[in-house]
Amino acid sequence: MVVHYCKKYLKKCDILGKTMSETKKIPVILNTDIGGDIDDTWALSFLLRSPELDTKLVVPCLENPEFPFGRTKVAAKQMEQSGYPNIPVAAGLASETFDY
């Protein structure tokens, strides 16, 4: 979903054909439910490796009161192992509306 939105946004802004020196990076905050399956891990990897996007913050949701901050730890570990330990990872709010 992040990949589709980013490509759609970039086409709309007509910056796909330009070099990075000609265009400004797009700041991004990723809100994710990483850790349940592979899709969010791939989305985060794509986001970090996209030269046209500037990752400012990663916010995993809190999901399980018995395992608090589990998704936050997964995201932080991926950021560290991917070579981006300086991009902040912050725990999101817990919500009763999530149905996992």
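Student: Which residues does Met-79 touch, not counting residues up to four places away in sequence?
Tutor: In this predicted model, Met-79 touches Leu-44, Leu-48, Val-58, Tyr-84, Pro-85, Ile-87 and Val-89; contact means heavy atoms within 4.5 Å.

Student: Which residues make up the largest nonpolar core?
Tutor: Twelve residues do: Ile-26, Val-28, Leu-30, Ile-34, Leu-44, Leu-47, Leu-48, Leu-53, Val-58, Ala-75, Met-79 and Ile-87. A nonpolar core is a set of buried Ala, Val, Leu, Ile, Met, Phe, Trp, Tyr and Cys residues joined through side-chain atoms within 4.5 Å. Buried means under 20% relative accessible area, exposed over 50%, and partly exposed in between (1.4 Å probe, protein chains only).

Student: Which elements each supply at least two residues of this core?
Tutor: Strand E1 (26-32), helix H2 (39-49), strand E2 (53-60) and helix H3 (70-81) do. Helices (H or I, at least four residues) and strands (E, at least two) are DSSP runs, numbered from the N terminus.

Student: In what order do the elements run?
Tutor: The order from the N terminus is α-β-α-β-α.

Student: Changing topic, which side chains meet in a salt bridge?
Tutor: Those of Asp-54 and Lys-56, at 2.9 Å, N to O. A salt bridge is a side-chain nitrogen of Lys or Arg within 4 Å of a carboxyl oxygen of Asp or Glu.

Student: Are Asp-54 and Lys-56 buried, partly exposed or exposed?
Tutor: Asp-54 is partly exposed, with a relative accessible area of 25%, and Lys-56 is also partly exposed, at 45%.

Student: What conventions apply?
Tutor: Residues are numbered from 1 along each chain as its sequence is written, and side-chain values use heavy atoms, with hydrogens and water left out. Local features need pLDDT of at least 70, side-chain atom pairs count only at pLDDT 80 or more, and totals for chains, interfaces and linings use all residues.
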